[in-house]
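Colleague: Pick one part of this model and take me through it closely. Then set it beside the other elements. Please give cut-offs as you go.

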Amino acid sequence: MGYSGVMIQAVSQTSISDDPNGQAVVSVTGLTKRFGERVVVDNISFAIPRGQCVGFLGPNGAGKTTCINMLLGLVEKSAGEIRIFDLEAPRFHREIKARIGVVPQADSLDPDLSVEENLRTYAGYFRIPRRIARGRVEELLHFFALYNRRDEIIEHLSGGQRRRLLLARALINEPQLLILDEPTIGLDPQARHLIWERLAILQAQGTTMLLTSHYLDEVARLSRQVLILDHGQVVVQGEPQQLITDLVGVEVFEVDGTAAELDALEASFKQCSATLERVGDKLYVYAREDCSRLVKVLGEARSWLRRPANLEDLFIQLTGRSLREA
Amino acid sequence: MNGFSFWAIWLRNGRVWKKNILATLIGNLGQPLLFLLAMGYGLGRDMAAVEGLSYLQFIAPGLVVSAVMYSAALETTYGSYTRLTVQKTYEAILMTPLGVVDLVLGEIVWGASKGMLAGVIMLVALPLFGVIPSPWVVFLLPVLFLSGMFFSAFGLIMTALAKNYDFFNYFTSLVITPLFLFSGIFFPVRTMAPPVRNLLEMLPLTPIVSLARILCYGRFGEPILLKILGSFLAAGCAVWLAGYLLRRRLIQ
């Protein structure tokens with residue numbers, strides 16, 4: 001079964017994934033994790049519908065990784081219910097994990113083994129029969145453009161090749177749910193685009209995904225739904241473009257200037273439905289309507305920028321600008 | 001746990017080991033062979049017979065056992081700790097259907113296998129030093145494996161507790177080296193004063209050294225059942241504790 005072959009199946013699956021009542025691959029209710037007194041995940045509920053990619057966002061320490069680790073049984077939940085493929089976790093974690101693929105944030109490839117040996121070894125953990133594993137390894141090496149590096153030791157691979165191998169490894173068991181934790185961290189634009197392209201193909205094939213990333217352009221590109229976590233709670237959940245329009249606005253003006261200049265501009269912008277934010281000597285204007293008529297006022301400012309509102313604006317608005325350091 | 005799932009982890013370790021065969025064998029066998037040469041041949045030439053054996057013959061079985069101990073214990077300390085921390089191998093494994101029990105059994109059985117291999121190579125090398133084992137030595141093989149299980153489980157307990165590599169200095173200086181010196185490899189424990197003798201016979205390596213000497217030369221002078229049962233019990237407890245502690249470290 002080649003990857004190009006699977007794409008044909010995907011067309012018939014689209015109807016299922018579009019169905020809002022379609023069965024959820026992951027459903028979490030009231031999930032809570034306490035480490036002693038500290039509540040890291042606080043009564044979270046969410047669902048990942050079949051065939052969708054859900055972006056899991058939040059500042060450092062928001063509880064994303066703890067949440068994912070609870071799905072995988074690496075962290076024991078303090079309260080709540082997790083069902084994956086309609087099986088209770090962590091009780092059926094062996095059955096569940098047989099159908100999940102994980103791309104971890106930290107490189108956990110076997111450095112002493114070659115590219116191909118890494119994949120074969122991982123296939124062994126899933127007890128995939130050798131003959132079947134051999135076929136899948138060949139396919140995955142082609143799919144991730146690693147075919148001519150198959151005998152290379154991991155140390156000699158570039159960052160992008162390692163990430164592609166981590167993705168290939170996560171797909172060795174043909175998972176129905178793919179968990180991606182910062183899949184393109186530290187990669188150059190070429191390498192990121194190659195990974196996005198492959199993930200898009202997998203999406204078209206109907207693979208359900210849970211994506212966490214600090215690159216919000218990546219999340220906007222790949223996810224149909226986002227879920228923003230902060231301080232262990234779900235701050236907002238929904239379709240990204242809709243959330244941006246509802247909560248941020250349609251477009252953003254970023255203006256540089258002295259305090260006096262910006263004060264004057266703020267007054268002018270009051271004529272338009274917009275939220276204003278001052279950060280140092282910068283003014284952010286989040287416009288909820290078309291504010292084109294104010295562009296002539298901006299002509300006098302030292303420098304300014306007009307752009308569509310994006311996920312990053314939403315993220316900053318909901319989780320604040322202060323640094324999160326553990 | 002699911003039958004022999006841990007086998008996949010054994011195979012993974014074997015795959016890596018095959019790439020560095022020479023370095024690990026020299027690392028594991030260098031010390032016991034040099035001791036056999038220096039103490040057995042160098043020192044032993046001028047020494048009277050001990051328990052009816054030449055000194056070289058006396059220490060040879062114990063050095064075989066020490067090779068098992070070193071090889072198994074080093075594998076599950078430095079080796080396993082590297083897989084736990086630097087290489088994140090355990091993290092990768094726990095994202096598959098394998099669980100902590102599989103991981104612990106895979107690592108311990110692997111360490112025991114490596115230990116037993118070191119012991120077998122030592123045994124095979126003994127004739128070069130003029131030590132010819134009796135046919136009973138075949139029954140020493142499972143004993144060596146059992147001892148390997150104990151010491152690799154002990155090593156894994158240390159790994160589960162370690163904060164850094166320096167932690168293993170305690171283990172080697174305070175556990176492994178004293179066991180090497182005081183478990184009856186180099187001097188007979190039986191002829192010591194009773195309190196000392198009782199203490200030394202409680203050490204986990206002492207019954208294995210005695211069994212090795214008995215089976216190596218086919219001289220059944222002392223009871224062996226208690227030694228075997230005690231070693232089984234010790235290995236079982238160590239495996240259980242290693243599992244408990246590693247689970248506590250890996251699953252928060």
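Modeller: Start with strand β4(A), residues 79–84, which pairs with β5(A) in the antiparallel sense over three bridges. Strands here are DSSP runs of E with at least two residues, helices are runs of H or I with at least four, and both are numbered from the N terminus. Two strands pair if DSSP finds at least two bridges between them. The model is predicted: local features need pLDDT of at least 70, side-chain atom pairs count only at pLDDT 80 or more, and totals for chains, interfaces and linings use all residues. Residues are numbered from 1 along each chain as its sequence is written, while chains are lettered from A and ligands numbered from 1 in the order in which they are written.

Within this pairing, A:Arg83 stands opposite A:Glu88 of β5(A). The open sheet has four strands, ordered β2-β1-β4-β5 in chain A, with antiparallel pairing. β2(A), 38–49, and β5(A), 87–89, are the edges; each has a single partner strand, so one side of each lacks a neighbour in the sheet. On average, neighbouring strands are turned by 25° against each other, direction ignored. Axes are lines fitted to C-alpha atoms, for helices over the stretch in contact, and angles run from 0 to 180 degrees between N-to-C directions.

Helix α2(A), residues 64–71, lies across β1, β2, β4 and β5 of chain A. It runs at about 120° to β1(A), residues 24–35.

Now the other chain. In all, 21 residues of chain B are in contact with 20 residues of chain A; contact means C-beta atoms, placed from the backbone, within 7 Å. On the chain B side, α1 (7–19) and α4 (89–94) each supply at least two residues. α1(B) gives the largest share, six residues. By class, that side has ten nonpolar, six polar and five charged residues. Nonpolar covers Ala, Val, Leu, Ile, Met, Phe, Trp, Tyr, Cys and Pro; charged covers Asp, Glu, Lys and Arg; the others, Gly among them, are polar.

α10(B), residues 225–250, has 26 residues and reaches 37 Å from first C-alpha to last, close to the 38 Å expected. The expected span is 1.5 Å times one less than the number of residues. Its buried residues include B:Ser231, B:Ala238 and B:Leu246. Buried means 20 or more other C-beta atoms within 10 Å of the residue's own, exposed 12 or fewer, partly exposed in between, with C-beta atoms placed from the backbone. The buried residues of α10(B) pack against α5 (100–125), α6 and α9 (206–217) of chain B.

Conventions: Contact = placed C-beta atoms within 7 Å.
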